[in-house]
Amino acid sequence: MSATELPANAPAACPGPSSADAGKASPCATCPNRTACADGSLKAALSADAAAVAANLANVRHVVLVLSGKGGVGKSTVSAQMALHLARRGFDVGLLDVDICGPSVPRMLGVESGSVLMTASGWEPVAAAVHETSGDGGSDNADADMGDGVGSLVVMSSGFLLPEKDEAVVWRGPRKNGLIKQFLKDVAWGELDFLIIDTPPGTSDEHISLAQLLPHGRSADGAVVVSTPQEVALADVRKELSFCNKVSVPVLGVVENMSRLVAPVATAQQSPTSTGIAMLVDSRDGRDVTQQVLAALPADLARHLAVSVGVLPPGYDGDGAAGMAKKYGLNFLGSVPLDPSVADAAERGCLARAVGGSAGARALGAVIDQILKAQGEPAHARV
């Protein structure tokens with residue numbers, strides 16, 4: 001029996017709805033699905049839902065899950081940036097946010113006010129800007145490898161369905177599963193090159209629903225697993241890898257997010273207290289010596305100076321996400337630094353502006369290169 005056959009609220013020793021003992025075995029005695037399993041209706045319902053999802057995603061070429069057993073490692077930021085990078089390279093991309101209780105993708109992409117419309121084709125996802133213009137009306141500073149921006153990005157999230165953005169979502173598992181099912185089979189995703197699915201932390205209801213509903217060959221595209229370097233995160237991420245193995249979701253690779261802090265050093269025209277700007281201090285008394293140091297450097301170097309600070313203490317003997325990937329025989333997709341310009345753009349709802357020449361954007365661009373190569377796709381869809 002595959003683990004994906006189990007209902008989300010099944011007991012630990014559930015024989016599964018396809019088993020001859022379904023609804024009859026001793027673990028079934030207190031299960032709420034007992035009657036439905038015994039008469040075969042649950043098995044039929046699961047099959048019908050999976051078939052409906054398969055039909056709706058028939059024109060989606062690749063489905064990529066973004067997973068992590070740990071919260072706070074930056075899954076949503078990585079998911080949103082992945083979607084933007086792919087769209088900027090000319091791919092048509094959908095981004096599905098299934099973090100039902102904590103949707104953050106709409107804010108990052110500046111579409112919090114988006115409305116989901118019901119049409120004859122189903123729920124229409126919300127279109128998000130792929131390029132962001134700067135304050136003077138010009139386009140942002142995109143790297144040359146970002147493509148010409150002829151791709152597209154559409155988004156679906158529970159955040160669009162809440163009457164108030166600060167309202168708590170107090171739902172039990174079955175209701176969460178029902179909404180995820182609607183997102184997969186009732187949203188008019190249309191023709192997409194990639195559907196990126198941003199998930200909440202853990203290995204519970206939402207993850208099981210995705211594994212059950214995504215048709216065979218769709219979940220086979222696999223998952224990108226995100227971690228930070230600390231063992232406190234890696235311990236939970238290893239559980240996510242175990243989950244992927246149990247439900248037969250291939251792991252495309254591991255990303256180490258927030259591996260270092262990288263920030264530009266304040267120039268004479270910038271305030272050292274500005275968001276995302278670093279200053280250099282004398283460790284003896286905390287004096288700001290930024291301008292003294294810059295004055296002693298060649299002008300070109302001074303203009304491009306940045307600080308790069310490790311997030312782990314000296315002498316730490318862990319080998320981070322790269323070591324974990326090596327141990328499990330997985331592809332290490334790369335390290336992405338904590339980049340204040342990315343954090344600031346996400347907070348302001350203009351993440352597209354940060355997907356350009358920043359340190360974080362360059363690092364994530366290298367991750368995208370590996371994912372595209374693994375999927376047999378060109379670095380740019382349209383040139």
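How many cavities of 30 Å³ or more does a search of the whole structure find? Two. By cavity I mean a set of points on a 1 Å grid over the protein atoms alone, where a 1.4 Å probe fits but cannot get out. Grid points are joined across faces, edges and corners, and a volume is the space filled by probe spheres set on the points.

Before the details, the ground rules. This is a predicted model, so local features need pLDDT of at least 70, side-chain atom pairs count only at pLDDT 80 or more, and totals for chains, interfaces and linings use all residues. Residues are numbered from 1 along each chain as its sequence is written, and side-chain values use heavy atoms, with hydrogens and water left out.

How confident is the predictor? pLDDT is its confidence in each residue, from 0 to 100. The protein chain averages 83, and 83% of the residues score at least 70. Over residues 133–146 the pLDDT is below 50. That stretch still has 28 contacts in the model beyond near neighbours in sequence. A contact means heavy atoms within 4.5 Å.

Now the overall picture. The chain has 383 residues, and buried ones make up 48% of them. Buried is under 20% relative accessible area, exposed is over 50%, and partly exposed is in between, with a 1.4 Å probe and protein chains only. The secondary structure comes to 13 helices and eleven strands. These are DSSP runs numbered from the N terminus: helices are H or I with at least four residues, strands are E with at least two. Take the contacts in the chain with a separation of 6 or more: residues 24 or more positions apart account for 79% of them.

Back to the second largest cavity. About 50 Å³ of space lies in it. Its lining is L65, L67, H207, L210, A211, F243, V247 and V249. Lining residues have an atom within 4 Å of a point. The elements giving two or more residues to that lining are β1 (60–67) and α6 (205–213). Helix α6 gives the most, with three residues. By class, we get seven nonpolar, one polar and no charged residues. For the classes, Ala, Val, Leu, Ile, Met, Phe, Trp, Tyr, Cys and Pro count as nonpolar, Asp, Glu, Lys and Arg as charged, and the others, Gly among them, as polar.

Next, helix α10, residues 320–328. Which of its residues are buried? G320, A321, G323, M324 and A325. What covers them includes β8 (223–227), α7 (231–246), β9 (251–264) and β11 (332–338). Just after α10, G329 takes a positive phi of about 70 degrees.

Stay with α7 for a moment. L241 lies in this helix. L241 is buried, at 7% relative accessible area. Leaving aside neighbours within four places in sequence, L241 is in contact with V225, V251, M324, Y328 and L330. L241 and Y328 are 87 residues apart in sequence, yet 8.8 Å apart in space, C-alpha to C-alpha.

Another buried position is S79, with a relative accessible area of 0%. S79 is found in helix α3, residues 75–88. Beyond four places in sequence, S79 touches V66, L95, I196 and D198.

Last topic: charge pairs. Side chains of opposite charge can pair when their charged atoms come close. The rule for a salt bridge is a side-chain nitrogen of Lys or Arg within 4 Å of a carboxyl oxygen of Asp or Glu. By that rule the count comes to 14.

R61 and E377 meet at 2.2 Å, N to O. This pair links distant parts of the chain: R61 is in strand β1, E377 in the segment after α13 (359–374), 316 residues apart. R61 is partly exposed at 39% relative accessibility, while E377 is buried at 13%.

R238 and E231 meet at 2.3 Å, N to O. R238 is partly exposed at 25%, and E231 is partly exposed at 35%.

R284 and D282 meet at 2.7 Å, N to O. How accessible is each partner? R284 is exposed at 73%, whereas D282 is buried at 12%. The pair also sits in a network of salt bridges linking D282, R284, D285 and R287.

That's my tour. Happy to take comments.

How values were computed
On a 1 Å grid over the protein atoms alone, a cavity is a set of points where a 1.4 Å probe fits but cannot get out, and a pocket is an open set with protein on both sides within 12 Å along at least five of seven lines; lining residues have an atom within 4 Å of a point. pLDDT is the predictor's confidence in each residue, from 0 to 100.
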